[in-house]
Every structure is written in C-alpha cells, then in structure tokens.
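User: I would like to go through the salt bridges and the accessibility of this model. Could you take me through them?

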Amino acid sequence: MYNLARQSINVDIPPRDICIYNIERISDVKYISKELHEKLKKRVLPKKNDILLAKNGTTGVAAIVNTDEEFSIYVSLALLRPNLQVINPRYLLHFINSNIAKIQFNNKLIGIGVPNLHLSEIKTTKIILPSLKIQKIIVEKIDDFNSEIDDLMNSAINRKKTAQEEFEKELFE
C-alpha cells in the first residue's frame, strides 16, 4: 500500500487565461486575466502528468494533464503530482478512478448539499502500489480495454446514426 501523503499534493487556484473548473468537461474552460494567472501560479501550476482530482460536488473523478500548455485550475480540483520514481501517473489515474479509491473517497466526504473531499482526507487514501514494471503492464492493459470500448462506442454511434438516416430516408421517399 502507498499513502498519498507521500505525494506532493496541492490545491489552489492558479489561473492563467485558461482556468479549468470541471474535470468531467476538461474542455469547458473559463478565461481569466493574465495578471491573475501570474500572481496565482506561484502557488501551484499544473504540468504534464499531474493528476487533477475533483474534490467538490462530483468528487473522486480524476484526469491526467496531457499537455505542456500552461493553465490554471480552480479550487474545486486537487492537483496530485506523482513521484515518478515510485508511481506511474497513468496507474495513479486509473487507481483513483477505480472503485477501490471511490469507496475510500465516499467514506471521507464532508457536507450534504455539495459534498467536499478535503485535502487532509485525500492524503490518507491508501493505494495498492506494485512495482513500476507491473504498473506499466496494468496501465497498458486498461488503456487497451478503454481503446476497445471507445472503438465499440464510436461504432455503435455511427451505426445508430446510419440507421436513423436510413429510416428518415425511407419515410420521406
């Protein structure tokens, strides 16, 4: 087991022109002033392979930073910076998005209306931590499954669209 307290975990609002508020819609960005970003980025600045974790509202959902572009995050997201000597960032991402982590997060939620996952609680999350070699194998397997699922979903969407078009064509001919 590996405890997140060993990780460098920071939550702040380090905005730039782009600020991410919603981990589920990472393309849903807000624009802020360059001055505010310059001031706030001194506290924490997401970088490639960091994990962004939703800690307010829809809690426990994570995404990996896969860009070198400078941007900021809002207080509803926690930033987890994996120690690359110990943990593969994609393994951490998959683990955090697993039911094992979700159960731990759900047991630590504070608040009724808008649940909140406090940093102190995030830091106590226990992570199953195999060797980096095994982590890499697990990541490859999960990524392969996710790719297959994406392909199947895209195929189903395309088939549905084609069926609808054929149906409409039959109706109006």
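User: Is K136 buried or exposed, or in between?
Analyst: K136 counts as partly exposed because its relative accessibility is 48%; buried means under 20% relative accessible area, exposed over 50%, and partly exposed in between (1.4 Å probe, protein chains only). This is a predicted model, in which local features need pLDDT of at least 70, side-chain atom pairs count only at pLDDT 80 or more, and totals for chains, interfaces and linings use all residues. Residues are numbered from 1 along each chain as its sequence is written, and side-chain values use heavy atoms, with hydrogens and water left out.

User: Which side chain does K136 meet in a salt bridge?
Analyst: K136 meets E140, at 3.4 Å from N to O; a salt bridge is a side-chain nitrogen of Lys or Arg within 4 Å of a carboxyl oxygen of Asp or Glu. Both residues lie in helix 5, four residues apart, about one turn of the helix. Helices (H or I, at least four residues) and strands (E, at least two) are DSSP runs, numbered from the N terminus.

User: How many salt bridges are found in the whole structure?
Analyst: The search finds three. In one of them, D50 pairs with R81, with the closest N and O atoms 2.6 Å apart. That pair links distant parts of the chain, 31 residues apart: D50 is in the loop between helix 1 (34-40) and strand 5, and R81 is in strand 8 (residues 77-81).

User: Is D50 buried or exposed?
Analyst: D50 is buried, at 1% relative accessible area, whereas R81 is partly exposed at 22%.
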